[in-house]
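Open your viewer and keep the selection panel handy.

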Amino acid sequence: MVRTLYDKLWESHVVHTEEDGTAILYIDRHLVHEVTSPQAFDGLKLAGRQPWRISANLAVADHNVPTTDRANGIADPVSRLQVETLDANAKNYGLTYFSMADKRQGIVHVIGPEQGATLPGMTVVCGDSHTSTHGAFGCLAHGIGTSEVEHVLATQTLLAKKSKAMLVQVDGALPVGVTAKDIVLAVIGRIGTAGGTGYAIEFAGSTIRSLSMEGRMTICNMAIEAGARAGMVAVDDTTINYVKGRPFSPVGPHWDRAVTYWRTLHSDPGAKFDMVVTLNAAEIKPQVTWGTSPEMVVPIDDRVPDPDKEKDAVKRDAMEKALVYMGLTPNTAISDIRIDKVFIGSCTNSRIEDLRAAAAVVRGKHRASNVKLAMVVPGSGLVKAQAEAEGLDKIFKDAGFEWREPGCSMCLAMNADRLEPGERCASTSNRNFEGRQGQGGRTHLVSPAMAAAAGVEGHFVDVRSIR
Ligand SMILES: CC(C)[C@H](C(=O)O)[C@@H](O)C(=O)O
Ligand code: SF4
């Protein structure tokens, strides 16, 4: 039978299906962070249960960790408690844990793949919406809630209903200066943040195949921002080469058997999708969000849209509200928008390739005088070490950009890194919601190269013109 990648991943993990379609899925990998796990561990304790398969878990603190002066510990008592609770739970249950002092510590969606804890064909879950990132490896990766975290800990299974399948097909050579981030923002601009609701999205086509694993992760990371339940990319040589030799990857005969299986993880020719969206890579330009939802996005050479031209009353209202919050006037050229801060980081864009792209733009230049702070937050301690080995930290520091310790940081301001009310930020993260980077803060989502360029010029600028 002709099957999609999603069908294959689903069918190989179903333990049981009820008549109404509710299924019990076996979970191969459970990633754990400090925000969504405390109540789950409490529940486990109350019920007197042990984790079902301890080795399936990998835990790390990322949201609440400071990105400076780590030797002094965590100043904020709430964040400190959050992280200490995970320290204690990981120790108590014997989970593999990268503490704040461990050089492998980092954002959960960066360290999973980096360690080879995320492998093709797996079901991967985490109490975090951006778990879709791991689908880049030909995985079925779901973000789950805290009660599901407890369920997975206790049973190694998840209750789920199969979604419909969407194919997002992107073909052609990507223009210079246009990145995976621009592709996914363009997709969300096209289908909207509800466009993927009820679907699992497979990203395919020659453009996707030509992307590195880092780029594929960026795209799958934001599948959730398109409303989808999961995002995924078929396995190919790029996947297998990335996975090879990582600490958790199989070796010897296990590796050979795994590769044989992994090579089957693609949609069969002629497989049926419930919806197909096609994009031509040649037409994608660097993207900048102007509003408070990732779908409020335009190309860099465009203008802030005018709500008066929107016929749909609901959309018009949302646009007006977003413009007030963002402090923007309709028809302003995007390149005329001046920024106060730059954030290069997050599970969307904090991997080595992202830092290289940003460094290539700032090399030999300096942060603009109106930019109060430009911070680079590597996705993990290992990314940080790699970047330092390549001298990227020096390029950033020479340009007046701060070089920080790994974590979620100003992606959502659960630590000390945040925007002040009214401050405007060029950010490589994935959400531009009201208050996301600090109360009253204004977030514009862009690629790492575009964020770096804005930091240097003081306003958004077409990165294609400064190369
Ligand atoms: C804190 C966590 C539960 C949350 C998520 O689920 O995504 C966070 O990572 C985010 O990006 O908003
Ligand atoms: S980096 Fe941002 S989006 Fe990613 S897990 Fe952390 S808070 Fe969530």
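Start by selecting Asn 331, which sits in the loop between helix 11 (313-326) and strand 15 (341-344). Helices (H or I, at least four residues) and strands (E, at least two) are DSSP runs, numbered from the N terminus. The phi of Asn 331 is near 75°, a positive value in a residue other than glycine. Is Asn 331 buried or exposed? Asn 331 counts as exposed, because it has 10 C-beta neighbours inside 10 Å. For this label, C-beta atoms are placed from the backbone, and a residue is buried if 20 or more other C-beta atoms lie within 10 Å of its own, exposed if 12 or fewer, and partly exposed in between.

Before moving on, a word on what you are viewing. This is a predicted model, in which local features need pLDDT of at least 70 and side-chain atom pairs count only at pLDDT 80 or more, while totals for chains, interfaces and linings use all residues. Residues are numbered from 1 along each chain as its sequence is written, and chains are lettered from A and ligands numbered from 1 in the order in which they are written. The chain averages a pLDDT (the predictor's confidence in each residue, from 0 to 100) of 97, and 100% of the residues score at least 70. For the complex, the predictor gives an ipTM of 0.99 and a pTM of 0.98.

Next, select Gln 156, in the loop between helix 5 (146-155) and strand 8 (157-161). Gln 156 is not a glycine, yet has a positive phi of about 60°. Most residues other than glycine have a negative phi. With 19 other C-beta atoms within 10 Å, Gln 156 is partly exposed.

Now colour the chain by domain: domain 1 (5-162), domain 2 (164-235 + 267-283) and domain 3 (287-465). These bounds come from an automatic or database domain assignment. The C-alpha centres of domain 1 and domain 2 lie 25 Å apart. Their contact takes 17 residues from domain 1 and 18 residues from domain 2, counting two residues as in contact if their C-beta atoms, placed from the backbone, lie within 7 Å. Which element gives the largest share of the domain 1 side? Strand 7 does, with four residues.

For the ligands, a residue is near if its C-beta atom, placed from the backbone, lies within 6 Å. Show ligand 1 and the residues around it: Val 35, Thr 36, His 63, Asp 128, Ser 129, His 130, Gly 143 and Leu 412. Then go to ligand 2, where 13 residues form the surroundings, the closest being Ser 346, Cys 347, Cys 408, Cys 411 and Leu 412. Domain 1 and domain 3 each supply at least three residues to the shell around ligand 2.

Finish at Val 362, which is among the residues with the most contacts inside the largest nonpolar core, along with Val 342 and Ala 358. That core has 142 residues, a nonpolar core being a set of buried Ala, Val, Leu, Ile, Met, Phe, Trp, Tyr and Cys residues joined through C-beta atoms within 7 Å. Not counting residues up to four places away in sequence, Val 362 touches Ile 395, Phe 396, Ala 399, Phe 401, Ala 452, Gly 455 and Val 456.
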